[in-house]
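Subject: Structure handover

Dear colleague,

Please find the structure below. My notes on what was found in it come after.

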Amino acid sequence: MATTEECRTALDKLSDNLAKADGDVRGAAALDRSLSCHIKDLDITFTGRLDDGRIEVADTFPGPPRDRAEIRLAMNGDDLVAMVNGDLNFAKAWASGRVRLEAGFRDLLRLRTLL
């Protein structure tokens with residue numbers, strides 16, 4: 001089972017990957033939205049912002065998200081680490097229910113490029 005530190009490292013790596021992206025991926029990530037990522041097996045939530053292609057984690061706390069972020073992710077820690085490392089396909093994990101992504105319709109349309 002992935003640790004809190006491994007999950008935080010994975011989010012930082014994802015942020016770095018998004019910041020280095022170009023073209024359609026960069027455009028899709030160039031949102032300014034509040035973000036939460038609930039790690040279900042550890043029962044912790046990372047909160048912050050997706051801001052111009054970077055994920056800025058502001059806080060980590062126990063339990064499910066306290067506030068409703070504009071973009072909400074929920075998954076197990078091992079799945080987060082595997083996705084960021086390229087060992088798990090996001091679209092397949094999302095379709096199978098291993099990963100939950102919730103956002104407004106317009107944001108989902110933009111984020112589909114990342115999937």
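This is a predicted model: local features need pLDDT of at least 70, side-chain atom pairs count only at pLDDT 80 or more; totals for chains, interfaces and linings use all residues.

Overall layout

The protein has five helices and five strands. Along the sequence they are arranged as α-α-β-β-β-β-α-α-β-α. The radius of gyration is 13 Å, close to the 13 Å given by the globule rule for 115 residues, so the protein is as compact as a globular protein of that length. Along the principal axes, the C-alpha atoms fill a box of roughly 35 × 30 × 25 Å.

Of the 115 residues, 40% are buried. Among contacts with a separation of 6 or more, 59% are between residues 24 or more positions apart. The accessible surface is about 6500 Å², and carbon and sulfur atoms account for 48% of that surface.

The cavity

Rolling a probe the size of a water molecule over the atoms shows where empty space is left. Searching the whole structure gave one cavity of 30 Å³ or more. The volume of the largest cavity is about 40 Å³. S2 supplies the largest share, four residues.

The lining residues are Leu11, Leu35, Ser36, Cys37, Phe46, Thr47, Gly48, Arg49, Ile55, Glu56 and Val57. Sorted by class, the lining of the largest cavity holds six nonpolar, three polar and two charged residues.

Helix H3

The other item to look at is helix H3, residues 77-84. Six of its eight residues are buried, so H3 is largely enclosed by the rest of the structure. A residue counts as buried when its relative accessible area is under 20%. The buried residues of H3 are Gly77, Asp79, Leu80, Ala82, Met83 and Val84.

What covers these buried residues? The cover includes helix H1 (4-20), S1, strand S4 (71-75) and helix H4 (90-96).

Just after H3, glycine 86 has a positive phi of about 85°.

Regards

Methods:
Residues are numbered from 1 along each chain as its sequence is written. Side-chain values use heavy atoms; hydrogens and water are left out. On a 1 Å grid over the protein atoms alone, a cavity is a set of points where a 1.4 Å probe fits but cannot get out, and a pocket is an open set with protein on both sides within 12 Å along at least five of seven lines; lining residues have an atom within 4 Å of a point. Grid points are joined across faces, edges and corners, and a volume is the space filled by probe spheres set on the points. Helices (H or I, at least four residues) and strands (E, at least two) are DSSP runs, numbered from the N terminus. Ala, Val, Leu, Ile, Met, Phe, Trp, Tyr, Cys and Pro count as nonpolar, Asp, Glu, Lys and Arg as charged, and the others, Gly among them, as polar. Buried means under 20% relative accessible area, exposed over 50%, partly exposed in between (1.4 Å probe, protein chains only). Contact means heavy atoms within 4.5 Å. The radius of gyration is taken over C-alpha atoms; the globule rule is 2.2 Å times the number of residues to the power 0.38. Accessible areas come from the Shrake-Rupley method with a 1.4 Å probe; for residues, only the protein chains shown count as cover.
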